[in-house]
Amino acid sequence: MRHVIAIGLAAALLAGCQINPAPDSRFSSPIFTIGFNDTPAAQDRNRPPYIISYPDETMFFYPIYDRPLRSDLNLRQIACRRSTDGALVVSVRVQNLGADIIPPREQIYGEISSFRVLARVTWSSGVRQDVYASLPIPMGVSAVFNLDLGQTRYFAKDVTQIDVLVDPDQVVPDPVRTNNALTWKGTMNGDAPSCDVVRA
């Protein structure tokens, strides 16, 4: 009797499911070249559908339904601290305000990550250095991550400007891109550097 009830419940659940095939034009390139075909021109032609959402509308990370992607990386705050050797370390706080999870994948800069954060540090002499950090795990919906970028080569006391940009390679399909950059300008105390900028 239990087997009959279990079979009946399974049949009822299967009767309510529907599988919608992906559009024919969705995959115009071979599946094995998607991770390596990441030039800007290739992204325009065949944007890799790598976003998953809840409720799940994907099959092995490929969307079943043709809808616009809804990612929104928000750079909420930047801060600074002094490393043990006197160099500068920039820290950032990033939040995903979109409706889709951003899973890690092979990026165009050679790492497997969800996205990258880049900071351009400028000293009083005009010397500039780019430091970055990447998130190697999935970025969930409304998740907040604090990342420490690589330390600079020179001392913190001569820094005059810091420009921070989230996803400089634009590998995440973010239709907003107005809240992913912050800039600090001023002078720093070499012993206790501070570059706190918080988005209002």
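This report walks through the sheet, the nonpolar core and the aromatic contacts of a predicted model.

Look next at E9 and E12, which run antiparallel and are joined by seven bridges. Within E12, Leu 165 stands opposite Leu 118.

## The nonpolar core

The largest nonpolar core has 33 residues, and Phe 115 and Ile 162 have the most contacts inside it. Several strands supply at least two residues each to this core, among them E4 (73–82), E5 (88–96) and E9 (116–123).

Leaving aside neighbours within four places in sequence, Phe 115 is in contact with residues including Leu 73, Val 94, Tyr 109, Met 139, Leu 147 and Val 172.

A search of the whole structure finds one aromatic pair. Trp 123 and Tyr 154 form this edge-to-face pair, with 5.1 Å centre to centre and 80 degrees between the planes. Trp 123 belongs to strand E9 and Tyr 154 to the loop between E11 (144–148) and E12, so the pair ties together parts that are 31 residues apart in sequence.

Trp 123 counts as buried, at 4% relative accessibility, whereas Tyr 154 is partly exposed, at 37%. Elsewhere, Arg 116 lies over the face of Tyr 132, 5.0 Å from the ring centre.

Conventions
Residues numbered from 1 in each chain as written. Predicted model: local features only at pLDDT ≥ 70, side-chain atom pairs only at ≥ 80, totals over all residues. Heavy atoms only, no water. Core = buried A, V, L, I, M, F, W, Y, C linked by side-chain atoms within 4.5 Å. Buried < 20%, exposed > 50% of the residue type's maximum accessible area, 1.4 Å probe, protein only. Helix = DSSP H or I, 4+ residues; strand = E, 2+ residues; numbered from the N terminus. Contact = heavy atoms within 4.5 Å. Phe/Tyr/Trp six-rings, centres within 6.5 Å; stacked < 30°, edge-to-face > 60°. Lys NZ or Arg CZ within 6 Å of the ring centre and 35° of its normal. Pairing = 2+ DSSP bridges.
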